Number of protein chains: 2
Amino acid sequence: MALRHAILAALLEGESSGYDLAKDFDASVANFWTATPQQLYRELEIMAEQGLVAARVVAQERRPNKRLFALTEAGRTELRAFTASTPKPTAVRDELLVQVQSVESGDGDAVRAAIRNRQEVAETKLKRYERLRDRLLAGRTEADYLASAERVGPYLTLARGIAFEQENIRWCEFTLDVLVRRTS
Amino acid sequence: MALRHAILAALLEGESSGYDLAKDFDASVANFWTATPQQLYRELEIMAEQGLVAARVVAQERRPNKRLFALTEAGRTELRAFTASTPKPTAVRDELLVQVQSVESGDGDAVRAAIRNRQEVAETKLKRYERLRDRLLAGRTEADYLASAERVGPYLTLARGIAFEQENIRWCEFTLDVLVRRTS
DNA sequence: CACACCTAGTCAATTTTTTGACTATATTAG
DNA sequence: CTAATATAGTCAAAAAATTGACTAGGTGTG
């Protein structure tokens with residue numbers, strides 16, 4: 001029941017369809033949670049049954065109907081209770097690092113290619129996060145924004161994502177450099 | 001079947017009991033994988049059946065017998081094949097960030113306490129990682145070590161862990177500062 | 001005018017992971 | 001002497017997450 005709280009948090013931004021949420025979980029929410037569309041649709045269904053979200057069907061022209069989900073009072077209460085609970089420590093699980101750990105006993109070329117790929121993914125994510133930040137700031141300075149904005153939560157989590165990806169890129173560069181040096 | 005590869009990678013350091021591995025998964029391996037002792041014992045059992053690891057029982061004085069597991073040729077082959085496969089992108093899952101995202105609708109005191117706690121955990125981990133690094137370097141400089149050591153994999157993953165925890169601490173400090181400022 | 005890909009979902013089966021309940025002996029701190 | 005903690009495991013159930021197979025209409029490109 002953890003995906004549920006990430007969905008509730010995402011719905012603070014406003015009413016969304018399952019599809020909208022899937023896009024969010026690929027962009028801003030990706031900072032702290034990942035989920036496939038299938039997981040979202042199923043969880044939303046259950047949450048609607050339990051009254052944590054309210055669904056309404058909107059007919060669209062030239063497209064299938066969509067269902068928009070919004071937080072209910074019960075949903076807000078649940079989210080509030082969640083913020084008061086002790087968060088689980090994060091479980092790191094990174095296959096690339098397992099590969100790097102065993103690089104000397106493994107396929108060096110493949111591992112280096114995987115690191116390059118990771119770096120590209122990180123660069124793409126970083127750019128997206130930076131665009132999101134610029135949109136949030138809307139011209140204001142960070143200090144200005146943090147002092148005046150109604151909600152700073154989304155900015156703070158975004159800052160974590162940006163720092164994480166920057167660090168990721170630095171590490172990929174460093175690691176590639178070390179491995180290439182040792183190969184040549 | 002992903003824990004399996006982390007275990008194989010950990011066994012590159014040498015023969016270990018399930019208990020030894022549990023300690024590793026709490027220290028060095030924690031950089032890239034987490035597992036409870038229960039998960040390890042079960043997976044080791046299966047891996048032994050499949051011939052990826054070889055178990056031998058060692059009688060101990062004043063203690064229960066222990067089983068030591070070592071990599072087999074099949075295990076090394078499996079690990080090598082794994083390093084050649086495309087690693088899954090990591091799935092981030094951080095309850096604390098979900099709480100921070102919703103901090104304005106939630107329990108501010110509890111969220112700030114959780115951030116402080118995360119910072120302390122990160123500081124403890126960082127110290128442990130730095131001790132491990134010092135032990136690996138054994139007096140040599142980083143450049144010296146990277147050029148001459150037989151295996152650099154463990155050092156590189158440790159470097160990732162150190163950078164990650166440092167970034168973590170910085171973010172906790174920044175975020176606490178912002179939240180405390182807005183509360184007072 | 002095909003063909004690929006996007007939007008908007010549903011459903012069921014697996015796989016993976018976690019959690020909790022157990023059994024034993026050994027060592028250490030108060 | 002006693003209680004807490006560490007060592008060394010097993011087993012089963014439950015929860016969580018992933019995967020694959022579907023349906024159906026819409027949009028854009030060569």
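Which residue in the turn of the hairpin formed by β2(A) and β3(A) has a positive phi? A:Arg62 does, with a phi of about 55°. Two residues lie between the two strands of this hairpin.

This is a predicted model: local features need pLDDT of at least 70, side-chain atom pairs count only at pLDDT 80 or more, and totals for chains, interfaces and linings use all residues. Residues are numbered from 1 along each chain as its sequence is written, while chains are lettered from A and ligands numbered from 1 in the order in which they are written. Helices (H or I, at least four residues) and strands (E, at least two) are DSSP runs, numbered from the N terminus.

**The sheet of chain A**

- Three strands make an open sheet in the order β1-β3-β2, with antiparallel pairing. Two strands pair if DSSP finds at least two bridges between them.
- The edge strands are β1 (16–17) and β2 (53–60), and each pairs on one side only.
- β2(A) and β3(A) share seven bridges and pair in the antiparallel sense.
- β1(A) and β3(A) also run antiparallel, joined by two bridges.
- A:Phe69 in β3(A) is the bridge partner of A:Ser16. A:Phe69 is also the bridge partner of A:Ala55.
- A:Val57 stands opposite A:Arg67 in β3(A).

**Helices on the sheet**

- Helix α1 (residues 3–11) of chain A packs on the sheet and touches β1, β2 and β3 of chain A. Contact means that the C-beta atoms of two residues, placed from the backbone, lie within 7 Å.
- The direction of α1(A) makes about 95° with that of β3(A). Axes are lines fitted to C-alpha atoms, for helices over the stretch in contact, and angles run from 0 to 180 degrees between N-to-C directions.
- α3(A) lies across β2 and β3 of chain A, at about 120° to β2(A).
- Eight of the nine residues of α1(A) are buried (20 or more other C-beta atoms within 10 Å of a residue's own, with C-beta atoms placed from the backbone). Among them are A:Ile7, A:Leu8 and A:Leu11.

**Around DNA strand C**

- DNA strand C is surrounded by 21 residues. A residue is near a strand if its C-beta atom, placed from the backbone, lies within 6 Å of it.
- The closest residues are A:Ser17, A:Tyr19, A:Tyr41, A:Arg67 and B:Arg62.
- β3(A) gives the most to this surface, with four residues.
- Other elements that supply at least two residues each include α2 (18–24) of chain A and α3 (37–49) of chain B.
- By class, this surface has nine nonpolar, six polar and six charged residues. Ala, Val, Leu, Ile, Met, Phe, Trp, Tyr, Cys and Pro count as nonpolar, Asp, Glu, Lys and Arg as charged, and the others, Gly among them, as polar.

**Two copies, one contact**

- The contact takes 57 residues from chain A and 57 residues from chain B.
- On chain A, α8(A) gives the largest share, 13 residues.
- The side of chain A that touches chain B has 31 nonpolar, 14 polar and twelve charged residues.
- The copies meet through the same surface, because 98% of the interface residues of chain A are also interface residues in chain B.

Technical notes. Buried ≥ 20, exposed ≤ 12 C-beta atoms within 10 Å, placed from the backbone.
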